[in-house]
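Dear colleague,

I am handing over the structure below, and the notes after it set out what was found. Please read them with the model open beside you.

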Amino acid sequence: MKRLMSLSLILLLAACGGGGNDDNNNTDQSGGGEVIQWDHDPSAIIFRADLTGGNNDPFFTLGEVPVCTIYGDGTVVWTTSVGDPTAEVLFGPADEPRIRRFIENQTIIREIYTYDAQADIVEFGANPVVETLTITVNDVTHTTDGFAEWPPNYFEDIVTECQTLSPRPQIYQPTDGAWVSVERRDHNNNSPSISWNPEETGLDMGTVADSGEPVWVSGALARALWAQLRRSAPDVQFGQESGSYVIVLQLPNITRTSPPRPVITN
């Protein structure tokens, strides 16, 4: 049924020219008279290019940033090096005409709806890294992956287009805050480590690890942890008297998954 809906949508877009003569004043969530419509909520995902699978540590995957994501409010978030967990994370705004042209290119020119997701039905000897593309417009979500016999450079070309969509890219910093999850692990002499003082930083790694729940940190602490993870391996160890710990940061609308921002009341 979803396949039929997707093909119907691409035929509609092609017949109507994709709404290319839009204007910047059409910003309501319903999309007005435009053929291409999407949810304008800042947390809604219009498009995402991602790499999933592989033999990565499941704990560290919680803090991974997808290759490129376009959110409902027009924010684009991407990494500067695909598959590198320490790569710079960039973000920037894209206006509706740019987003509409991007969607037109994927649906009409590249015919993304004609490619299905095949990874779940292919037999593998190991857990492979899978390139995935997901698009959500007009209340239809369609996902395809690298086992769908894409044309050469299909994923790379779409990623490049997504990563250059915003005319004003900026280096991301967690100005609002971040969720920190912590695990206690045996010290690994082959992994980088830093000394951690819970009294000076206000964050006790042992307490968070024992709770099994992430905690929200903000301000200088969030920025310092983010900077540390960007310039070292994900398995950097934080050592304090109670043991050795590894962490991940989850950021709403940045990492692949994250709890929502906490509701702070006076």
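Contact, as the word is used in this message, means heavy atoms within 4.5 Å. By that criterion, and not counting residues up to four places away in sequence, Phe 102 touches Phe 47, Ile 70, Ile 158, Glu 161, Cys 162 and Leu 165.

Some conventions come next. This is a predicted model, in which local features need pLDDT of at least 70 and side-chain atom pairs count only at pLDDT 80 or more, whereas totals for chains, interfaces and linings use all residues. Residues are numbered from 1 along each chain as its sequence is written, and side-chain values use heavy atoms, with hydrogens and water left out. Helices (H or I, at least four residues) and strands (E, at least two) are DSSP runs, numbered from the N terminus. Two strands pair if DSSP finds at least two bridges between them. Buried means under 20% relative accessible area, exposed means over 50%, and partly exposed lies in between, with a 1.4 Å probe and protein chains only. Axes are lines fitted to C-alpha atoms, for helices over the stretch in contact, and angles run from 0 to 180 degrees between N-to-C directions.

The seven-stranded sheet

Six bridges hold strand S5 (residues 129–137) and S6 in their antiparallel pairing, and Thr 136 stands opposite Thr 141 in S6. S2 and S3 are also antiparallel, over three bridges, with Trp 78 in S3 as the bridge partner of Cys 68. The hairpin of S2 and S3 has three residues between the strands, and there Gly 74 takes a positive phi near 95°. S3 in turn pairs with strand S4 (residues 89–93) in the antiparallel sense over five bridges, where Val 77 has Phe 91 in S4 as its bridge partner. Four of the five residues of S3 are buried, so that the strand is mostly covered.

Phe 102, which belongs to helix H3, counts as buried because its relative accessibility is 1%.

H4 is mostly covered, with seven of its 10 residues buried. These are Tyr 154, Phe 155, Ile 158, Val 159, Glu 161, Cys 162 and Gln 163, and what covers them includes S1, S2, strand S3 (75–79), H3 and S5. Thr 160 is also found in helix H4 (residues 154–163), but Thr 160 is partly exposed, with a relative accessible area of 46%.

A second open sheet has five strands in the order S9-S11-S12-S8-S10, and here the pairing is mixed. Its edges are strand S9 (193–195) and strand S10 (215–217), each with a single partner strand, so one side of each is left without a neighbour. Neighbouring strands are turned by 40° against each other on average, direction ignored. Strand S8 (residues 178–184) and S10 run antiparallel and are joined by three bridges, and Ala 178 has Val 217 in S10 as its bridge partner.

Helix H7 (residues 219–231) packs on this sheet, touching S8, S9, S10, strand S11 (237–240) and strand S12 (243–250), and its direction makes about 100° with that of S12. Among the buried residues of H7 are Leu 221, Leu 225, Trp 226 and Leu 229.

With best regards
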